[in-house]
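Reader: Hi! I'm new to this one, could you walk me through it?

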Amino acid sequence: IAVRDPGSISTLRDLGVKVMPKLAADLAFLLPVPTLDGDAPAAYQVANMKSVGISARPFGKSNKAIVQLFCDLSRMLFDAKMMPVMLEMDSKEDGELIAEIDKAIGGKVPSIRKLQGPIQVQQRMMRMDALIAMRLH
């Protein structure tokens, strides 16, 4: 097991992991600094609303509670005159969950899916006003 910081080692220990993890570099630090696409506008807005990228990730045995959580979050953003935009960070992990959220909220939340690599993901995120992501490491 390799982790990028001492806090992650503590978290794994608290979770009951018996193997001693090794501190290692995060390969994401090797990515070049992205630039915006040549023709892309500086901001990603939908219906003149500020955009908030949301990276949803399945958690637990059932997606039901997670779908409800992100539907509620999307409604709160709409009420605040902001546009939630689902970001698929991993097609195998996130794609099905995003489809479930989209269905539950009636197709009102745009999504950015099937991106071709980390640079393209970074370029899309750079154009958003905010980003909400979940990650356990």
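Author: Helices (H or I, at least four residues) and strands (E, at least two) are DSSP runs, numbered from the N terminus. This is a predicted model, where local features need pLDDT of at least 70, side-chain atom pairs count only at pLDDT 80 or more, and totals for chains, interfaces and linings use all residues. Residues are numbered from 1 along each chain as its sequence is written, and side-chain values use heavy atoms, with hydrogens and water left out.

Reader: Thanks! What order do the four strands of the open sheet have?
Author: The order is β5-β4-β3-β6, and the pairing is parallel. β5 (111-112) and β6 (130-133) stand at the edges with a single partner strand each, so one side of each has no neighbour in the sheet.

Reader: And what holds strands of a sheet together in general?
Author: They pair through backbone hydrogen bonds, either parallel or antiparallel.

Reader: How many bridges join β3 to β4?
Author: Five, and the two strands run parallel. Gly53 stands opposite Val85 in β4. Strand β4 (residues 82-87) is also joined to β5 by two bridges, again in parallel, and there Leu87 faces Ile112 in β5.

Reader: How many residues of strand β3 are buried?
Author: Buried means under 20% relative accessible area, exposed over 50%, and partly exposed in between (1.4 Å probe, protein chains only). Five of the six residues of β3 (residues 50-55) are buried, so the strand is largely enclosed by the rest of the structure. Across the protein, buried residues make up 31% of the 137 residues.

Reader: Zooming out, how many helices and strands does the protein have?
Author: Four helices and six strands. Along the sequence they follow the pattern β-α-β-β-α-β-α-β-α-β.

Reader: Switching to helices: at what angle do the axes of α2 and α3 cross?
Author: They cross at roughly 55° and come within 9 Å. Axes here are lines fitted to C-alpha atoms, for helices over the stretch in contact, and angles run from 0 to 180 degrees between N-to-C directions. Angles under 35 degrees count as roughly parallel, over 145 as roughly antiparallel, 65 to 115 as roughly perpendicular and the rest as oblique. α2 and α3 are therefore oblique to each other.

Reader: Which residues make that contact?
Author: Contact means heavy atoms within 4.5 Å. From α2 the residues are Ile66, Val67, Phe70, Cys71 and Arg75, and from α3 they are Leu97, Glu100, Ile101 and Ala104.

Reader: Is Glu100 buried, exposed or partly exposed, then?
Author: Partly exposed, at 29% relative accessibility. Leaving aside neighbours within four places in sequence, Glu100 is in contact with Asn63 and Val67. Asn63 lies 37 residues from Glu100 in sequence, with 8.4 Å between their C-alpha atoms.

Reader: And Ser8, buried or exposed?
Author: Ser8 counts as buried, at 2% relative accessibility. This residue is in helix α1 (residues 6-14).

Reader: Last one: what is the phi of Lys81?
Author: Positive, about 65°, although Lys81 is not a glycine. Most residues other than glycine have a negative phi. Lys81 is in the loop between α2 (64-79) and β4, and it is exposed, with a relative accessible area of 62%.

Key: Pairing = 2+ DSSP bridges.
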